[in-house]
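Here is a short tour to read alongside the model. Please keep the sequence and the structure in view as you go.

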Amino acid sequence: MPLGINENDREEKLNISREDKLHFEEMWLPSIEASSLAVEDVARKLDTNMLSGLSWAEAERRKSMFGANEFVVKNEDPIWRKYMEQFQNPLILLLLGSAFVSVCMRQFDDAVSITVAILIVVTVAFVQEYRSEKSLEALTKLIPPSCHCIRDSKVHSFYARDLVPGDIVLLNLGAQVPADLRLFETIELSIDESSFTGETEPVIKQTKRRKTDENKSTWETMAYMGTLVRCGSGKGIVVSTGDRSDFGQMFRLMQAVESPKTPLQESMDTLGKHLSYISFGIIGFIMLAGWLQGKPLMDMFNIGVSLAVAAIPEGLPIVVTVTLALGVTRMAKRNAIVKKIPTVETLGCVNVICSDKTGTLTKNEMTVTNIVTSDGWRAQVTGSGYNNIGAVQIQDSSSDQETAQMARSSIYNVLEVGCVCNNAAISPEGTLRGQPTEGALLAAAMKYGMHACSSNYHRLQEYPFNSEMKVMTVRCMPRAAHNELHQEVFFSKGAVEKILQYCSKIHYQGHCVPLTVEQQQRVLSEARQLATHGLRVIGMARGDSMESMEFLGMVGLHDPPRPQVRQAVDIFHSTGVQVVMVTGDAMETAVSMAELLGIYRPNSTIVSGEQLDAMADDELKDRVMDVS
């Protein structure tokens, strides 16, 4: 909107009636409301067509009312005001006062030296912060986000800032979600919401909301602005844009929060106040002592002021500012931009670092290293990467042909579940499309000669993995060449203890036998043994129904730590900084990796999610500093 046009003139110019304005205002749909409505109801409320989208004319009308799909930032202060803000430091103000007093007392040498010191401090700080701000602005303008949208029944590509509620957006692998979308079509769609929630595991999306979504911070029927498509594709209706999106509301809250002062700023403020009190105290004491001795008060005042000015360390702000500026420069060489100079000092005040494990402390490059079948066969898997380089080496395989074939068949059954219950794909060049865990399962199957074994089945339905159930299941129908009984088959993979809850049978020496309590304990013990070696353990099962599945075995996946993490942890510990690992892995796996990285030490403790939920606030406060 051009400057100088008020709201009434704009509506008249655009021919927008008051009724249209009220109608448009009712179109905003919060994500929590949009996720609970059927897709048809969302489309009806936003007055859009899921096949043809909006017309260009209607989209322009909505954009003129809703505004662009971007965040409204605070107006930038002019340069002169930013420069003057540097003088708000209490110590700088005290030095200015000292310079003024020096001028009044005709001590021009002191006045000039103090003024030069002040100018050096404020200029260095201003230039450094101005350069950082310009660098940040340049970064935001490098690649304006774009999107694929259906308008007038055709797919168009344009800047995401032009989206409006009711637009139909297409999502593909690698795309950034341009606005809050209510999904109505998903094809193996998983989205990385780490920028929004902090969780590194991609969320598998679907079009219908489930009851298990009620207590989540995000919904599986929604795609949120700023998140990234990691796998698959989909379509969605724009329900909120700009500041009214969930990410926009978070951005607005952050804009409203005033940045707290750093410890150094607080210390400098305190020093400035104390020096002020000392200066006035010196002046008062000298004048009182002179008055008692019968000396002229003006002479005593001049002496007191001279001593007070001399007590003020005009070199201190220079030393502090230049030191912090050097710190900012060093950070810039490490590709980190520090906007405000005092902020760099807060890094030295950190005393606890909480870090996620997968993808942060580790590479998030999963590799299957161990396979254990339900009837006791074990195999080591060699090689790394998402390719077929390596082999599956069965241990203690008998020379008897029948026994060896039984071992190979058991290994095949475990890997088959990992392939069929899987949404990842590996290109001939070795590029993974999908989640690293699923890519590792495909690579293990490829090393066993099982290429595209999932093509033997037609997938009918998927029950996606989520953090509560910790199980993924697919319902399939074997294709004609592999299906004599025309019977559906369920394949499940997930946490071993969760998989066992669905199993009433176990595969043993080529036969399906009832699962006993002793066998369950043996399986769990085997899973714990793998986890103690730092492996992520995934159980495999299949069956005719989800209520009565057959346990087949488990695989152990290794996620190597990032280089130099151990060195960094040791440096933190040597400087008194505590490092805490936060992960959703099994406790044994977490402890093994924490010991390898030096995070878990003999005097530290572990807290599981169940223990944390059961703790009272006071108990947590007492224990949290000892937890690693």
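Asp-618 is exposed, because its relative accessible area is 61% and anything over 50% counts as exposed. Bear in mind that you are looking at a predicted model.

To find Asp-618 on the structure, look for helix α23, which covers residues 617–623.

## A nonpolar patch

The surface also carries a nonpolar patch of about 380 Å². Its members are Val-352, Leu-612, Leu-620, Val-624 and Met-625.

Val-352 belongs to strand β8, residues 352–356. With a relative accessible area of 30%, Val-352 is classed as partly exposed, since that class lies between the 20% limit for buried and the 50% limit for exposed.

## Helix α5 and what follows

Now turn to helix α5, which spans residues 56–66. Which of its residues are buried? They are Ala-59, Arg-62, Ser-64, Met-65 and Phe-66.

## The chain as a whole

Stepping back, the protein chain has 628 residues, and 42% of them count as buried. Its secondary structure includes 23 helices and 21 strands.

Among contacts between residues at least 6 apart in sequence, 64% link residues at least 24 apart. The accessible surface of the chain is about 33700 Å², with 56% of that area belonging to carbon and sulfur atoms.

Definitions and conventions
Residues numbered from 1 in each chain as written. Predicted model: local features only at pLDDT ≥ 70, side-chain atom pairs only at ≥ 80, totals over all residues. Heavy atoms only, no water. Helix = DSSP H or I, 4+ residues; strand = E, 2+ residues; numbered from the N terminus. Buried < 20%, exposed > 50% of the residue type's maximum accessible area, 1.4 Å probe, protein only. Contact = heavy atoms within 4.5 Å. Areas by Shrake-Rupley, 256 points an atom, 1.4 Å probe, with all protein chains shown as cover. Patch = residues over 30% accessible without salt bridge, like charges linked within 9 Å, V, L, I, M, F, W, Y side chains within 5 Å. Salt bridge = Lys/Arg side-chain N within 4 Å of Asp/Glu carboxyl O.
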